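Q: I would like to learn how to read the features of a protein model. Could we go through them one at a time?
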Amino acid sequence: MEFILLGFSNVPHLQWVLFMVFLFMYMTILLCNSIIIVLAKTDPALQTPMYFFLSNFSFLEICYVTATIPRMLMDLYTLKGNISVFACATQMYFVLTLGGTECLLLAAMAYDRYVAICHPLQYSLLMKNKVCLQLVAASWISGIPVEIGQTYQIFSLHFCASNRIDHFFCDIPPLLKLACGDTFMNTVAVYVVAVLFVMVPFLLIIVSYIKIICNIMKLSSAKGMAKAFSTCSSHLIVVILFYGTASITYLQPKQSQSEGMGKMLSLFYTILIPALNPIIYSLRNKDIMMALRKLHSKLLIWWENLK
């Protein structure tokens with residue numbers, strides 16, 4: 001009736017250190033991404049498709065980390081990892097669905113950059129509000145029926161070997177290792193879904209950036225080239241970090257993936273990358289830094305008036 005998430009039980013002397021580190025990272029992710037959402041909604045200079053996608057991405061990151069970190073913090077605090085089958089299935093569904101949404105949203109953001117750089121005169125026509133809303137809605141909705149089916153398929157298996165999951169959240173690779181009987185079809189289904197939601201969007205991003213780079217190289221102005229590259233560099237860094245770790249996790253054969261490496265990769269794309277994203281997008285983006293200074297000035301004026 002329940003599983004036991006082992007998490008970081010192999011380092012009991014570090015439980016409280018890990019609790020404080022992950023709590024700090026969680027609060028940082030919530031705060032920084034919330035600031036980006038507020039800036040994108042309130043600053044007139046950021047009322048563009050690029051920042052509309054970025055605000056959605058920030059909201060997605062908040063949802064994504066909330067699917068894993070609070071549960072992990074509770075397990076570290078109580079020194080217990082007991083989780084019901086239903087709660088485990090629910091957590092896995094949200095992690096998979098939000099992960100798929102992130103892949104699709106990154107592809108939509110790459111398309112936005114492609115249109116902005118390769119077709120600047122048609123940008124306002126091709127990236128109308130309706131088109132942006134459709135791209136975002138498709139990113140959020142497309143994975144829901146697929147991941148419901150995949151979660152049902154995984155939890156239809158018999159777990160007779162053990163109920164101890166050597167991970168800090170319910171994920172497919174560690175659960176498949178606990179299943180008894182033939183899991184070949186489940187493994188095939190994992191690869192098919194990974195190809196659809198990881199590799200296909202990644203290939204679309206690669207094609208977009210090949211066209212972007214070819215277009216940038218045609219620019220005669222060095223300043224124009226630098227500006228064009230700067231608008232894409234943040235997104236490209238996030239794509240490489242996220243897709244790199246997610247691809248290794250879900251496309252690597254389960255027999256060749258050690259528990260320790262699986263945990264490290266999962267920590268990377270579920271916690272570390274969401275923590276880095278606001279820093280990557282903010283420090284390399286003059287518009288966001290300018291909007292942040294304006295917001296800071298307004299808050300100072302408001303505080304002075306309160307006094």
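## Reading the model

A: Start with Leu204, which is found in helix α9 (residues 184–217). Keep in mind that this is a predicted model.

Q: Is Leu204 buried or exposed?
A: Exposed means over 50% relative accessible area. Leu204 has a relative accessible area of 51%, so Leu204 is exposed.

Q: Which residues form a nonpolar patch on the surface with Leu204?
A: The patch is made up of Val192, Val195, Leu196, Val200 and Leu204, and together they have about 410 Å² of accessible area.

Q: How should I read a sheet, and what is the order of the strands in this one?
A: Strands of a sheet pair through backbone hydrogen bonds, either parallel or antiparallel. Here three strands form an open sheet in the order β2-β1-β3, and the pairing is mixed. β2 (82–84) and β3 (164–165) stand at the edges with a single partner strand each, so one side of each has no neighbour in the sheet. Strand β1 (residues 2–5) pairs with β3 in the parallel sense, over two bridges. Within β3, Ile165 is the bridge partner of Leu5.

Q: Which residues touch the most other members of the largest nonpolar core?
A: That core has 62 residues, and Phe22 and Leu106 touch the most other members. Helix α4 (residues 85–118) gives the most to this core, with 13 residues. Apart from this core lies another, of 18 residues, including Leu5 and Ile172.

Q: What is Phe22 in contact with, leaving aside neighbours within four places in sequence?
A: The contacts of Phe22 are Phe8, Ile69, Met72, Leu73, Leu76, Leu267 and Ile271.

Q: How many salt bridges does the structure hold?
A: Side chains of opposite charge can pair when their charged atoms come close. The structure holds three salt bridges. One of them joins the side chains of Lys294 and Asp43 (3.5 Å, N to O). This pair links distant parts of the chain, 251 residues apart: Lys294 is in helix α12 (residues 286–306), and Asp43 is in the loop between α1 (15–42) and α2 (49–66). Lys294 counts as partly exposed, at 38% relative accessibility, whereas Asp43 counts as buried, at 7%.

Q: Where are Arg71 and Asp75, and what separates them?
A: Both are in helix α3 (residues 69–78), and because they are four residues apart, about one helical turn separates them. Arg71 and Asp75 form a salt bridge, with the closest N and O atoms 3.3 Å apart.

Terms used: Residues are numbered from 1 along each chain as its sequence is written. This is a predicted model: local features need pLDDT of at least 70, side-chain atom pairs count only at pLDDT 80 or more; totals for chains, interfaces and linings use all residues. Side-chain values use heavy atoms; hydrogens and water are left out. Patches are made of residues with over 30% relative accessible area and no salt bridge: like charges are joined within 9 Å, nonpolar side chains (Val, Leu, Ile, Met, Phe, Trp, Tyr) within 5 Å. Accessible areas come from the Shrake-Rupley method with a 1.4 Å probe; for residues, only the protein chains shown count as cover. A salt bridge is a side-chain nitrogen of Lys or Arg within 4 Å of a carboxyl oxygen of Asp or Glu. Buried means under 20% relative accessible area, exposed over 50%, partly exposed in between (1.4 Å probe, protein chains only). Two strands pair if DSSP finds at least two bridges between them. A nonpolar core is a set of buried Ala, Val, Leu, Ile, Met, Phe, Trp, Tyr and Cys residues joined through side-chain atoms within 4.5 Å. Contact means heavy atoms within 4.5 Å.
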